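Open the structure in your viewer and get ready to click along. Each stop tells you what to select next and what is there.

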Amino acid sequence: MELPKVASLGEYIRQQRQQAKISLRQLAAQAGVSNPYLSQVERGLRKPSAEILNQIAKGLHISAQALYVQAGLIEDREPHSDVLAAIRADVTLTGRQRQVLIDIYESFRKENRADTAQPPQSAEHLGDDPVLPRDGITPDSREG
């Protein structure tokens, strides 16, 4: 059962490399592996270590976690997100652009999870801050 997982990992790496417009040779140099080894990984003939996956992820400017999930080293514990799937599927974005969008999206999700863990503010507090008119002039500051 490991072989299909490895093959899908290699396909995923190849797809990410092609979308990032990086040659096999360039990625191999950035990951610190030989061209033949990386080629074998992409073809599903070799299963890279977590350390090599991390180096490949850095070279592709993608999340190492995404490669770990593809390799079967960790489970994808986050609930499926259509937003993440859409970002990852958008071939008009570079690998770096996709990663930045994913990082921003995940930071918002993390912030919202933290906010839901804290008790909500009282309605009295919400009314304490004055609301300024669009022109920025308060009734007290108008001349006249």
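Begin at Gly72, which follows helix 5 and has a positive phi, near 80 degrees. Before moving on, a word on the model: it is predicted, so local features need pLDDT of at least 70 and side-chain atom pairs count only at pLDDT 80 or more, while totals for chains, interfaces and linings use all residues. Residues are numbered from 1 along each chain as its sequence is written, and side-chain values use heavy atoms, with hydrogens and water left out.

Now select helix 5 itself, residues 64-71. Helices here are DSSP runs of H or I with at least four residues, and strands are E runs of at least two, numbered from the N terminus. Ala64, Ala66, Leu67, Val69 and Ala71 are buried in this helix; buried means under 20% relative accessible area, exposed over 50%, and partly exposed in between (1.4 Å probe, protein chains only).

Next, show the side chain of Ser63. Ser63 caps the N-terminal end of helix 5, with a side-chain oxygen 3.0 Å from the backbone nitrogen of Gln65.

Then jump to helix 7, residues 95-117, and pick out Phe108. Is Phe108 buried or partly exposed? Phe108 counts as partly exposed because its relative accessibility is 49%.

Finally, zoom out to the whole protein. You will find eight helices and zero strands, in the order α-α-α-α-α-α-α-α along the sequence. Of its 144 residues, 28% count as buried.

Definitions and conventions: A polar contact is a pair of N or O atoms within 3.5 Å; within protein, one must be able to donate a hydrogen and the other to accept it, and residues adjacent in sequence count only if both atoms are side-chain atoms.
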